[in-house]
Amino acid sequence: MYYGGYGMYNGFYSTSYILVIIGAIICLIASARVKSAYKKYEKVRSACGMTGAQVAEYILRRNGVTGVTVQHVAGELTDHYDPGRGVVNLSDATYNSTSVAAIGVAAHECGHVMQHETDYMPLRIRTALVPVANIGSNFGIWIVMLGVILGLNSTLAMIGVYLFSFGVLFQLVTLPVEFDASHRALVMLQDYGILGETEVKGSKSVLSAAAMTYVASAAASVLQLLRLLMIVNGGRRRD
């Protein structure tokens with residue numbers, strides 16, 4: 001049997017689960033920080049009086065971007081750029097808001113548009129990883145569990161680990177993409193005179209907090225990968 005007995009496997013599994021708990025706590029803290037920062041600066045109205053949607057449209061025009069539209073999407077902080085459809089989706093809290101927070105988020109999504117327009121390498125890599133990363137994130141852990149719990153060979157378990165690692169790699173590549181989009185956003189907001197210096201600092205606080213959620217997510221994924229490796233390698237030692 002792969003683990004030499006389910007009892008030994010179960011004890012090792014329980015110990016490794018601590019890594020998942022640590023990852024979850026990190027993500028909860030990061031999520032609380034971004035919500036707190038957004039709540040603070042959504043109350044600060046910009047001097048320009050432009051809404052998030054108007055800022056996004058202005059930035060796109062200013063950069064000569066065609067074929068990309070700005071649309072409203074339901075939800076809270078569900079803003080995202082869809083390169084496949086050529087749409088900058090702005091959430092309820094961003095689309096019609098004139099706050100410093102909303103303008104920063106709208107500009108951030110336009111930062112992604114500019115990455116796409118300039119063929120930014122990390123974005124290209126992340127896009128290429130999407131298919132295999134989705135497979136790894138959705139099925140990697142289950143394949144590992146099949147290889148361990150059902151007493152199958154370690155090769156199947158390691159296949160699951162390798163698949164899951166593509167999801168982790170996707171999370172890591174996402175970091176420079178998100179940080180760069182925020183940097184582009186802040187530069188454009190200041191250079192185009194959309195926000196004043198103090199207002200830009202407010203937007204930066206929001207975007208920095210948002211970026212930390214990606215850092216937390218990547219850290220949680222790395223911890224999950226370490227957990228899977230602990231389980232598989234622990235099983236090998238008990239063979």
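What percentage of the 239 residues of the protein count as buried?

**Figure 1. Overall view of the predicted model.** Of the 239 residues, 45% count as buried (under 20% relative accessible area, with a 1.4 Å probe and protein chains only). The protein has 7 helices and 3 strands, which follow the order α-α-β-β-β-α-α-α-α-α from the N terminus on. Helices (H or I, at least four residues) and strands (E, at least two) are DSSP runs, numbered from the N terminus. Residues are numbered from 1 along each chain as its sequence is written. Local features need pLDDT of at least 70, side-chain atom pairs count only at pLDDT 80 or more, totals for chains, interfaces and linings use all residues, and side-chain values use heavy atoms, with hydrogens and water left out.

**Figure 2. Surface and contacts of the protein.** The accessible surface comes to about 11700 Å² (Shrake-Rupley method, 1.4 Å probe), and 61% of this surface belongs to carbon and sulfur atoms. Among contacts (heavy atoms within 4.5 Å) between residues at least 6 apart in sequence, 75% join residues at least 24 apart.

**Figure 3. Crossing of helices α4 and α6.** The axes (lines fitted to C-alpha atoms over the stretch in contact, with angles from 0 to 180 degrees between N-to-C directions) of α4 (residues 100-117) and α6 (residues 154-191) come within 7 Å and cross at roughly 115°. This angle makes α4 roughly perpendicular (65 to 115 degrees) to α6.

**Figure 4. Residues between α4 and α6.** Residues of α4, including I103, A107 and M114, meet residues of α6, among them V177, A181 and L189. By class, this contact has 9 nonpolar, 6 polar and 3 charged residues.

How values were computed
Buried means under 20% relative accessible area, exposed over 50%, partly exposed in between (1.4 Å probe, protein chains only). Angles under 35 degrees count as roughly parallel, over 145 as roughly antiparallel, 65 to 115 as roughly perpendicular and the rest as oblique. Ala, Val, Leu, Ile, Met, Phe, Trp, Tyr, Cys and Pro count as nonpolar, Asp, Glu, Lys and Arg as charged, and the others, Gly among them, as polar.
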